[in-house]
Amino acid sequence: MNKANESLNVWANSLPSGSWCSTKDSNIKFEEQKSKITFVNKSKKSCLKVDVDGGVIPSNTRSARCDKLLVEKSAPLFCFVELKGGDIEHAIEQLEASLKNPKLNPECSQRKLAFVVGKNHFPASSPLIQKGMKKISSLNARLIVANTPASYSL
């Protein structure tokens, strides 16, 4: 086992019991508030599905956080997911807070994507999206805004 995978396993085992599970499913789905994203995992890579909101971070906590986190384990890729009905500005704030949270960013989390999935989002060229992309980029992640149902290939 390489050092990144060791670090990833230590991190996963430090998370609250029941807040995550391992999967090698070919289609890994997150769905909430009528928004949905499917991570297509054709080669059945080993992944961790993490419930951030209500799992790693309790629901009664006032701090902003994303809904879900998917970690592809082979060359750790952390995919932060916010499933929204429409408030994209708030979604970006939640992703930003999650990317800054040390509980969600172990040392091995060098590759990061941040997904906002919802309905009727602004075009990628909108000032709001461009500002969000800069904020998320400053945290060493890439922002992806997609209409539901979204899909991303691992």
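The model is predicted, so local features need pLDDT of at least 70 and side-chain atom pairs count only at pLDDT 80 or more, while totals for chains, interfaces and linings use all residues. Residues are numbered from 1 along each chain as its sequence is written, and side-chain values use heavy atoms, leaving out hydrogens and water.

**Strand β3**

- Strands (E, at least two residues) and helices (H or I, at least four) are DSSP runs numbered from the N terminus.
- Of the 6 residues of β3 (residues 35–40), 5 are buried, so the strand is largely enclosed by the rest of the structure; buried means under 20% relative accessible area, exposed over 50%, and partly exposed in between (1.4 Å probe, protein chains only).
- Strands pair if DSSP finds at least two bridges between them.
- β3 runs antiparallel to β2 (residues 27–32), joined by 6 bridges, and F30 has I37 as its bridge partner.
- The two strands β2 and β3 form a hairpin with 2 residues between them, and Q33 in the turn has a positive phi of about 50 degrees.
- With β9 (residues 150–153), β3 pairs in the parallel sense over 4 bridges; here I37 stands opposite A150.

**Salt bridges**

- The whole structure has 5 salt bridges, each a side-chain nitrogen of Lys or Arg within 4 Å of a carboxyl oxygen of Asp or Glu.
- R65 and D53 form one, with the closest N and O atoms 3.0 Å apart.
- R65 is buried at 8% relative accessibility, whereas D53 is partly exposed at 32%.
- E82 pairs with K84 at 3.5 Å in a salt bridge, and both residues are buried.
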